[in-house]
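Good morning, colleagues. I would like to take a few minutes to go through one structure with you. Please look at the sequence and the model first.

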Amino acid sequence: MAERRMMSKKIIDSDAFTEMPLSSQALYFHLLLRADDDGFLNNAKKIMRDVGANQNDYDMLLMKRFIIQFEDGVCVIKHWRIHNYIQKDRYKPTLYTEELSLLTQKENGAYSLETNCEQFGNNLDTKMYPE
């Protein structure tokens with residue numbers, strides 16, 4: 001995993017992002033910094049504890065679709081490929097290949113969940129959300 005990450009101003013200057021509480025914004029940055037080279041991580045709760053964030057901050061990121069949560073607790077930064085480009089000689093593929101296989105990549109680089117549902121916390125909502 002790389003030691004440096006980039007952040008796209010297209011995402012962090014958006015109204016959707018700046019209208020979130022600062023604590024949710026800070027959690028997003030910490031998740032972004034700790035994600036693997038495909039934008040996945042499996043320790044969001046640990047990161048939340050480490051930085052003093054709470055479940056409401058995480059739920060806000062889910063609700064605003066800045067992260068995608070999988071049933072097994074793994075999550076992915078939706079706009080990872082907009083934020084980061086990693087050179088092939090430095091790229092280390094994710095361990096979460098099953099979760100990656102459930103995603104499609106839009107033309108702009110954003111991940112989209114391929115199934116007919118997205119999980120938000122413990123609730124399962126069966127309608128497809130606009131991207």
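Of the 131 residues of this protein, 42% count as buried, where buried means under 20% relative accessible area, exposed over 50%, and partly exposed in between, with a 1.4 Å probe and protein chains only. The model is predicted: local features need pLDDT of at least 70, side-chain atom pairs count only at pLDDT 80 or more, and totals for chains, interfaces and linings use all residues. Residues are numbered from 1 along each chain as its sequence is written, and side-chain values use heavy atoms, with hydrogens and water left out.

The secondary structure comes to seven helices and seven strands; these are DSSP runs numbered from the N terminus, helices being H or I of at least four residues and strands E of at least two. From the N terminus on, the order is α-α-α-β-α-α-β-β-α-α-β-β-β-β. Among contacts between residues at least 6 apart in sequence, 63% join residues at least 24 apart, a contact being heavy atoms within 4.5 Å.

Let me turn to helix H5, residues 55-63. Which of its residues are buried? They are Asp 57, Tyr 58, Leu 61 and Leu 62. Seen down the axis of H5, these buried residues fall within an arc of 140°, so they line one face of the helix; the arc is that of the directions from the helix axis to the C-beta atoms. On the other side of H5, Asn 56 and Met 63 are exposed. The N-terminal end of H5 is capped by Asn 54, with a side-chain oxygen 2.9 Å from the backbone nitrogen of Asn 56. After H5 comes Arg 65, whose phi is positive, near 60°.

Next, the packing partner. The axes of helix H3 (residues 22-34) and H5 come within 9 Å and cross at roughly 75°, axes being lines fitted to C-alpha atoms over the stretch in contact, with angles from 0 to 180 degrees between N-to-C directions. That makes H3 roughly perpendicular to H5, the term for 65 to 115 degrees. Ser 23, Ser 24, Leu 27, Tyr 28 and Leu 31 in H3 meet Asn 56, Asp 57, Tyr 58, Met 60 and Leu 61 in H5.

Finally, Asn 84 lies in the loop between helix H6 (80-83) and helix H7 (97-101). At 8% relative accessibility, Asn 84 counts as buried. A polar atom of the Asn 84 side chain lies 2.8 Å from the backbone nitrogen of Met 6. Leaving aside residues up to four places away in sequence, Asn 84 touches Arg 5, Met 6 and Leu 32.

Note on methods
Polar contact = N/O pair within 3.5 Å; in protein donor to acceptor, adjacent residues only side chain to side chain. Parallel < 35°, antiparallel > 145°, perpendicular 65-115°, else oblique.
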